[in-house]
Number of protein chains: 2
Amino acid sequence: MIRSEWCPAGEGRRQEAAVTGRVVFVLRRRRRREEGVDIICVNCGAVALARLHARSTPPSLHIVDIMKQEQVLTVDNMNQRLRRVRYAVRGPVLERALHIEHELEKGVPKPFASVVRANIGDCHALGQKPITFIRQVLAGAACPQLLASPALPPDVKQRVEEILDDCTCRSVGAYSASAGLWSVRRAAAAWLAARDGTPASAHDIYLGSGATDLIKALLTVFTEDVDGKPSGVMIPIPQYPLFSGALAELGLAQVEYYLDEERGWALDVAELRRALRNASATCRVRVLVVINPGNPTGQVLTRENMEEVVRFAHEHRLFLLADEVYQENIIAKPFHSFKKVMYEMGAPYCDMELGSVLTCSKGWAAECGLRAGLLELVRVHPGVVAAFCTARALMQCPTVLGQAALLCVMKPPTPGDASYEQFAMERREIRRVLRERAATAHRAFNSIPGYSCNAIDGSMFAFPRFEIPERAQRAARAQGIEPDEFYCLRLLEETGVCVVPGSGFGQRPGTYHLRTTILHSRSQFQHMMDSVRRFHAHFLHQYADTRLDCTTDTSTGC
Amino acid sequence: MIRSEWCPAGEGRRQEAAVTGRVVFVLRRRRRREEGVDIICVNCGAVALARLHARSTPPSLHIVDIMKQEQVLTVDNMNQRLRRVRYAVRGPVLERALHIEHELEKGVPKPFASVVRANIGDCHALGQKPITFIRQVLAGAACPQLLASPALPPDVKQRVEEILDDCTCRSVGAYSASAGLWSVRRAAAAWLAARDGTPASAHDIYLGSGATDLIKALLTVFTEDVDGKPSGVMIPIPQYPLFSGALAELGLAQVEYYLDEERGWALDVAELRRALRNASATCRVRVLVVINPGNPTGQVLTRENMEEVVRFAHEHRLFLLADEVYQENIIAKPFHSFKKVMYEMGAPYCDMELGSVLTCSKGWAAECGLRAGLLELVRVHPGVVAAFCTARALMQCPTVLGQAALLCVMKPPTPGDASYEQFAMERREIRRVLRERAATAHRAFNSIPGYSCNAIDGSMFAFPRFEIPERAQRAARAQGIEPDEFYCLRLLEETGVCVVPGSGFGQRPGTYHLRTTILHSRSQFQHMMDSVRRFHAHFLHQYADTRLDCTTDTSTGC
């Protein structure tokens, strides 16, 4: 089934037809010869040799020759669950952005000079400077000869010694225990105990390659059918698409509860009840996921709200999985951990099971690339923990240098330490910038006609809502994509701003959002907001509903 | 169901009853008070408060109080596949070794001064020094201020610049692309092309958190039932238990083919045919795993043997998954990659699909703790690759510092570089020690009466076979464990030597093996071999078959 439409990502980037319904070809490998490129039909596996016309947009291809190839592993006999996984944060909009960057490098004229990537919560990629203390500890741990150098302060050396003492033969190149280095788990327990004023045990702490790794591993534990029904997991809508993706891969039923946008993305227990009731016919709901502070929604739950959620989980015997990775990205309201709230509520709530995740990719450290996170498993059955740990042991251990970074986060310099002044200054500045950007983003989006944006109390995202005219919605659907993806792709093509459509996170039907990070430099953010404002006005004008449309479709309300 | 037998791992270490059939209690959390410790029954979840008598061996506990607790998540309603995962490398023998180390620290008298850990292929943990070049690059990448220092040679700085130029905003704390940094993938492609003299494309290379991560991810692709049958994966016996563990977790059928111990662990195609034929009634075999060089068996396949394997895979339309992680741990015979062999065999074999893994945890780098590996996917359907990549994207990316180490392995210093002399000297020494230890281990095991050991041509393990008297076998089965596990636990208790029983890797029924690493210092290895020799003589004497046994069991042949 070779057709004449071509992958807009072009030149070796891969994209699947099913994602958009438009792309039927994918480049497999670019030959370094004059004849052209090898391409393969995503649907049937047929191979073609084609010429690339790279200067056209999207790049067009001319088929030269078609070969047949019989694959052992095909899209039909592969794991169909994997085919259902979607991850909008690194989805079609980013794919197109990467291609545009490539075009810009090659001199293809565009109405903008560079792409502004605002798709992912990656502070360092937006120019935030790493915390010096963390990086010095990493350098010392990797290369202990440097400990002789006066360039490293004494508290850095002390933290390096702490890590090396815990590594077999003092090498970060030796495997650690699967659950992580004991020194890091102990430091994490002390940090958690201080955060909550409740006991915390290093035995309950499991380190991983980022919070994502641990969340997926924990969800894997719940994949057993119960009473002949598949297990279900309640997730908020909008949600962070790791959850929907992992549920799809693991074959767990996704049970959606909506956050209330009108009330600052509040978590309404009546809505939890509705979602649970609706789902009960088709699955056995076992897990309640709460993302606090919200991603992409940026709200911070109140303590009262959390108590209601805990009571709900207890009443329905749900395992509470708290994604609390943005707890150190607090802008306005105070953060409470679910562990603390459950503990302080007393019996029977303080005896409930809980899984909570943290990471050094977020907060002031923001070390996404180092891949380190932790899971606290509270009151989980030790037989379950034993099986969980054996399965984790197959993967050996999380990266030891990532664990070293986590130790720095859990045990940062304190007043009197040689690094303290610089550390405190760097952390203060990161927090100040976050607060400033949150206020700016909130103001800026609400000042665009047709846009509205809730206050950002935590996280590093804005998730504004905007209108899409009925005509634009129809144009999108004619292309087989969601209206907000259509909007975001147009925004990208016209302004270079790369954001993630709300449909990638989920949203109430008929509403449209985008998620953007708010951590760009002030001038870049200003440029981004000006671009969005101009684009939106132009978009509304271009797709303004006309009298003609109203006669064929009365649902537009004009 | 609280009984008076106690977890021998003691004091907070967890162990599941099902593993050994002996342990019914597990310590949950040690209280820091006089009253004792909280413990939970693995089978029923009942909670007890108990006093610990730590100085007894194994530590005994006295129940003070029993509480009831109802868990939401139990061993019965958890993912039953996870409960079937076993990983002997970090299994009961290591658990017991860790406990003994703890006892030694506390002054509990033992017939040895320290535990000799020989359970895991972790060179740095056995005293091998890291390659200076790699560690300097890591330090520079983590802490670019150090680039101003004269301590780092110019080629180190150049490699650091290469990495930082490829990181967004020049920070290793920024996420990379999910498949890895382009610079590393490109260097890997060049390395693979040079290794094989065949084309290699950076587009076909996917980086991960170690080879384990990538092997499991690739096996996940094959979990779909075909023609109403579960998919099956052929693995060698003995095998590295990542495979059996991952198959158990993923619900793939394990199809075992035996390596021929009498012929130096050769891979016999007639045996492949037998295994395939036998399995065809219950599953649809789709993947053929080959581990070359062998782990735990240490053989290196001949080119002729590999060609037979390729023809077999082609004939039966099997996807070839080549675990080639020990390809740089070559002692005697030359290593050929499956990719090269397939390519050189010409059509139709050069058009077959292949997945091959490599890692920086093995070879001369041996950076286990950094967690970096790569998967080359050759001629895999792009629709399959697209779904694979989306699922990988959920996990964001492999650790960037691990990727930096992989870059150093794929692009080491070359003659003329400032670091070259030192690098070449360090690498030469590592290779020399490996060859020397392999010869020593081979000689030493064969000199023990009742032991035999094949030549070690590659990898870092010896996998000798030994006799276990019938009486000892019965004693083991009375305890509900395998005879070789019984043997290895006794070896540990009496000598402090911690090795992995052959049953953890699989072996022909009635044969017994152990796997040991061979990378200890010369004196430590000598001590270990002396311990094994003395222990074995004592063990044979202690369990010598008597006339009485022969009257009750004629199968012993006496």
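A:Pro348 sits in the loop between α11 (338-345) and β11 (354-359) of chain A. Helices here are DSSP runs of H or I with at least four residues, strands are E runs of at least two, and both are numbered from the N terminus. A cis peptide bond joins A:Ala347 to A:Pro348, with omega about 0°. This is a predicted model, in which local features need pLDDT of at least 70 and side-chain atom pairs pLDDT 80 or more, while totals for chains, interfaces and linings use all residues. Residues are numbered from 1 along each chain as its sequence is written, chains are lettered from A in the order in which they are written, and side-chain values use heavy atoms, without hydrogens or water.

Chain B has a cis bond to show as well. B:Ile237 and B:Pro238 are joined by a cis peptide bond with omega about 5°. B:Pro238 lies in the loop between β7 (231-237) and α8 of chain B.

Next, backbone phi. Most residues other than glycine have a negative phi, and most peptide bonds are trans. A:Arg317 has a positive phi of about 50°. The loop between α10 (303-315) and β10 (319-323) of chain A holds A:Arg317. B:Arg379 has a positive phi of about 55°, and is found in the loop between β12 (373-378) and α12 of chain B. Are these arginines buried or exposed? A:Arg317 is partly exposed, at 35% relative accessibility. B:Arg379 is buried, at 13%. Buried means under 20% relative accessible area, exposed over 50%, and partly exposed in between (1.4 Å probe, protein chains only).

Now the interface. In chain B, 110 residues are in contact with 111 residues of chain A; contact means heavy atoms within 4.5 Å. The side of chain B that touches chain A divides into 54 nonpolar, 33 polar and 23 charged residues. Yet the count of salt bridges between the chains is zero. A salt bridge needs a side-chain nitrogen of Lys or Arg within 4 Å of a carboxyl oxygen of Asp or Glu.

Last, the cysteines. The whole structure has zero disulfides over all chains, a disulfide being a pair of cysteine sulfur atoms within 2.5 Å. A:Cys143 is buried, with a relative accessible area of 3%. A:Cys283 is buried too, at 4%.

Key
Ala, Val, Leu, Ile, Met, Phe, Trp, Tyr, Cys and Pro count as nonpolar, Asp, Glu, Lys and Arg as charged, and the others, Gly among them, as polar.
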